[in-house]
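Visitor: I would like to learn how to read a protein model. Please take me through some of its features.

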Amino acid sequence: MKLLTQRLDWKRFVPPLVLLALFLVLVVRLNQVDKVALVSREGQTFEKGVVTEILQDNLQPNGTRVGEQVVRVRMTSGELKGQEIETTSSAGFLFGAPCTVGMRVVVMQSVAGDTVVSSVYSQDREFQILCFVALYLLALCAIGGWQGAKGALSLVFTFACIIWVYLPMVYRGWSPFWSAVLVCAVTTVVTMWLLGGPTRKTVAATAGTVAGVVMAGVSASLFSFSTGVTGWNVSDIESLMSLWSTSGIQVGGLLFSGLLISALGAMMDVGMSIASAMAEIQGQSPGISRKDLFRSGMRVGRDMMGTDSNTLILAFAGGSISMLVLDYAYDLPWLQIINSNNIAISIMQGLSGSFGVILSVPATVAIATVLYTLPARSRRETAEQA
């Protein structure tokens, strides 16, 4: 009997494993692409090194830095590993680093025979970044337990989908909007399945989340149609135009696809929270009517709207805080501010994402109401639903 149970449990994992295998095949095929070289980097590499001596400093008496530092660096990777080279470090805010003895740096170098042209690109932050990522995942697993571990796994899967599915699809010339919809749908299904298992709650949360993502895209499209703001009005359009001319990337849709991806997390939170709360209500009151269950779900959803509707607006406002400070400092007139492309794009992102969050509430409640009031096939399914 125990062996039979184990076999039945194993069969539950066969469909996900088959889908995972097909997904990996798709990922491999998508990433078999030849990229068009936009700039020539022949002979140029980025290598690690450690500053051993400051030969000439650029620190001024007032504490500022002007010009370049001349430093000696012991290379720890690349063709010159183990050797010491003399190089420069600029005083820029984007490139270079205020070098001190013992600092780990990244050196941009070109080696041609005995000739070496190099400069300090930045401080080497790889180890610190990886440590913070590891600490986050560790805290998530330690505090969240098994659910936290599954959440960490879903986060890794989402990040992998963006890097190895969304980006190759966009680079191949596919629609950024529909590529984002596909990635959002796949990551939502996987995340909800990991957190909730194959239950009606998972189906309701997934359907409500996808509905919210689509509604956010529709509202952004309506905003774009009515205001004339498109993906061609972004600040870095000049750089994106080179991608459009060389690789055929649909740069005009990148703005809207980024909106969908950024709003996905908030919508998954709404979908799972409402579906879970309604499953608990139905589990505690199995005889509850559809009308009463729908009302209960809407009450739960309304309580979440107040905070979740502000989440995306505050997130996009925080991302645009530098622009807002500049507008305030220059004391720009109202008509100039409200009609600028950057302000309109920020407003569109915040409001469209919040529209998706708000409209996903009734969608999730309606789907969950129908699913939860269907006749249960077995006692086990009823228990899993609760």
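**Reading the model**

Guide: Serine 118 counts as buried because its relative accessibility is 16%. Buried means under 20% relative accessible area, exposed means over 50%, and partly exposed is in between (1.4 Å probe, protein chains only). This is a predicted model, in which local features need pLDDT of at least 70 and side-chain atom pairs count only at pLDDT 80 or more, while totals for chains, interfaces and linings use all residues. Residues are numbered from 1 along each chain as its sequence is written, and side-chain values use heavy atoms, with hydrogens and water left out.

Visitor: Where does serine 118 lie, and which residues does it touch?

Guide: Helices (H or I, at least four residues) and strands (E, at least two) are DSSP runs, numbered from the N terminus. Serine 118 lies in strand S5, residues 115-123. Contact means heavy atoms within 4.5 Å. Not counting residues up to four places away in sequence, serine 118 touches Ile85, Glu86, Thr87, Thr88, Val107, Met108 and Gln109.

Visitor: Is glutamine 83 buried, exposed or partly exposed?

Guide: Glutamine 83 counts as partly exposed, because its relative accessibility is 41%. Its place is the loop between strand S2 (68-75) and strand S3 (84-90). Apart from neighbours within four places in sequence, glutamine 83 is in contact with Val73, Arg74 and Met75. The C-alpha atoms of glutamine 83 and methionine 103 are 16 Å apart, and the two residues are 20 apart along the chain.

Visitor: What about a residue in a helix, such as serine 296?

Guide: Serine 296 lies in helix H8, residues 290-319. With 12% relative accessibility, serine 296 counts as buried. Not counting residues up to four places away in sequence, serine 296 touches Ile281 and Ile288.

Visitor: How do I check the length of helix H2?

Guide: The expected span of a helix is 1.5 Å times one less than its number of residues. Helix H2 (residues 14-30) has 17 residues and should span 24 Å, and its end C-alpha atoms are 24 Å apart, which agrees.

Visitor: Which residues of H2 are buried?

Guide: They are Phe23, Val27 and Leu30. These residues lie on the same side of H2, because they cover an arc of only 65° around the axis. The arc is that of the directions from the helix axis to the C-beta atoms. On the other side of H2, Leu22, Val25 and Arg29 are exposed. The buried residues of H2 pack against helix H3 (126-171) and helix H4 (176-196).

Visitor: How are H4 and helix H7 placed relative to each other?

Guide: Axes are lines fitted to C-alpha atoms, for helices over the stretch in contact, and angles run from 0 to 180 degrees between N-to-C directions. H4 and helix H7 (residues 254-284) pack at an angle of about 20°, with their axes 9 Å apart. Angles under 35 degrees count as roughly parallel, over 145 as roughly antiparallel, 65 to 115 as roughly perpendicular and the rest as oblique. H4 and H7 are therefore roughly parallel to each other. Their contacts include Phe177, Ala180 and Cys184 among the H4 residues, and Leu260 and Leu264 among those of H7.

Visitor: What is the handedness of the crossing of H4 and H7?

Guide: A crossing is left-handed if the near helix is turned anticlockwise from the far one by less than a right angle, and right-handed if clockwise. H4 passes H7 in a right-handed crossing.

Visitor: At what angle do H3 and H7 pack?

Guide: The angle is about 160°, and the axes of H3 and H7 are 13 Å apart. That makes H3 roughly antiparallel to H7. H3 also passes H7 in a right-handed crossing. Ile162, Tyr166 and Val170 in H3 meet Leu254, Ser257 and Ile261 in H7.

Visitor: How do the axes of helix H9 and helix H11 cross?

Guide: The axes of helix H9 (residues 321-330) and helix H11 (residues 341-372) come within 11 Å and cross at roughly 135°. That makes H9 oblique to H11. H9 passes H11 in a left-handed crossing. Here Met323, Leu324 and Asp327 in H9 meet Asn342, Ile343 and Ser346 in H11.

Visitor: What can be said of the protein chain as a whole?

Guide: Its secondary structure comes to 12 helices and five strands. Of the 386 residues of the protein chain, 36% count as buried.
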